[in-house]
Amino acid sequence: MKKTVGIILGSLRKDSFSKRTAKEVVKLFPEGFETIWLKLGDLPIYNQDYDDNPPMEWTAFREEVKSADSILFVTPEYNRSIPPVLKNALDIASRPYGKNVWDGKPGAVICISPGKIGGFGVGQVLRQTTAFLNIPMLSRPEMYLGNITELLDKSGGIFDTDTQKFLRDFVDAYVEWVEKFV
Ligand SMILES: Cc1cc2nc3c(=O)[nH]c(=O)nc-3n(C[C@H](O)[C@H](O)[C@H](O)COP(=O)(O)O)c2cc1C
């Protein structure tokens, strides 16, 4: 059976650089792996009052997360931290208490930024949360794609060959990481 990688974007923007990057990355997974897009955009904001009677969007999202063997985050940083749409999704699928559906799914993160620091902040803050949720994260290679606007061509592809190789090495390492767990 194929191993499923759930792709989670930290941006809802139509022309998102994270989305364009992720579209390139999904092409790099080998035979035996399939990728699915976990959709966060329609999730009502988490409110603990609804734990006993959750909106159907929360339930559907939790089921989607359950169906993935592993989780790959591709995200920008917002004010050096996790974009709210992503934090909301992390919170929703972590609850109700004791029913954290992220539990044990091997993860990795690709941070993107038009700036030079490359989204270092979101990578660090995300790791704090994923550690608590028991998502074992790939440590190396770390993937901070700074100056992202200079790396993508007009059709959305990554044209820089060093970056292409970097992404291939990253996916190879992540595949190896997932295979240790799944
Ligand atoms: C509310 C907000 C906060 C931001 N904070 C940061 C930041 O801390 N560091 C950074 O590099 N870029 C920051 N940016 C710029 C984003 O990296 C940029 O808008 C990027 O294109 C968003 O990712 P996307 O293209 O996938 O939508 C911020 C953008 C917004 C809207």
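This is a predicted model: local features need pLDDT of at least 70, side-chain atom pairs count only at pLDDT 80 or more; totals for chains, interfaces and linings use all residues.
1. Now for the chain as a whole. It has five helices and five strands, and from the N terminus these follow the order β-α-β-α-β-α-β-α-β-α. Along the principal axes, the C-alpha atoms fill a box of roughly 50 × 35 × 25 Å. A compact globule of 182 residues would have a radius of gyration near 16 Å, and the chain's value of 16 Å agrees with that.

2. How much of the chain is buried? The share is 36% of the 182 residues. Contacts tell you about the fold too: among those between residues at least 6 apart in sequence, 81% join residues at least 24 apart.

3. Next, look inside. The largest nonpolar core has 44 residues, and the ones with the most contacts inside it are Ile8, Leu72, Val74, Ala89, Ile110, Cys111 and Leu145.

4. Strand E3 (residues 70–75) deserves a careful look. Six of its six residues are buried, so the strand is largely enclosed by the rest of the structure. In a regular strand, side chains alternate between the two faces of the sheet. On one side of E3 you will find Ser70, Leu72 and Val74, and on the other Ile71, Phe73 and Thr75; both faces are covered.

5. Which strands pair with E3? One is E1 (residues 3–9), which pairs with E3 in the parallel sense over five bridges. Here Ile8 has Phe73 of E3 as its bridge partner. Another is E4 (residues 107–112), which runs parallel to E3 and is joined to it by five bridges. In that pairing, Leu72 is the bridge partner of Ala108 in E4.

6. Some backbone details are worth checking by eye. Most residues other than glycine have a negative phi, and most peptide bonds are trans. A cis peptide bond joins Arg95 and Pro96, with omega at about 0°; Pro96 sits in the loop between helix H3 (84–92) and E4. Another cis peptide bond links Arg140 to Pro141, with omega at about -5°. You can find Pro141 in the loop between helix H4 (120–132) and strand E5 (143–145).

7. Two asparagines also stand out for their phi angles. Asn134, in the loop between H4 and E5, has a positive phi of about 60° although it is not a glycine. Asn147 has a positive phi of about 50° and belongs to the loop between E5 and helix H5 (161–181). Are they buried or exposed? Asn134 has 12 C-beta neighbours inside 10 Å, so it counts as exposed. Asn147 has 14 such neighbours, so it counts as partly exposed.

8. Finally, turn to the ligand. Of the 15 residues around it, Ser11, Ser16, Ser18, Pro76 and Ser113 come nearest. The shell divides into four nonpolar, eight polar and three charged residues.

Definitions and conventions: Residues are numbered from 1 along each chain as its sequence is written. A residue is near a molecule or strand if its C-beta atom, placed from the backbone, lies within 6 Å of it. Ala, Val, Leu, Ile, Met, Phe, Trp, Tyr, Cys and Pro count as nonpolar, Asp, Glu, Lys and Arg as charged, and the others, Gly among them, as polar. Helices (H or I, at least four residues) and strands (E, at least two) are DSSP runs, numbered from the N terminus. The radius of gyration is taken over C-alpha atoms; the globule rule is 2.2 Å times the number of residues to the power 0.38. A residue is buried if 20 or more other C-beta atoms lie within 10 Å of its own, exposed if 12 or fewer, and partly exposed in between; C-beta atoms are placed from the backbone. Two residues are in contact if their C-beta atoms, placed from the backbone, lie within 7 Å. A nonpolar core is a set of buried Ala, Val, Leu, Ile, Met, Phe, Trp, Tyr and Cys residues joined through C-beta atoms within 7 Å. Two strands pair if DSSP finds at least two bridges between them.
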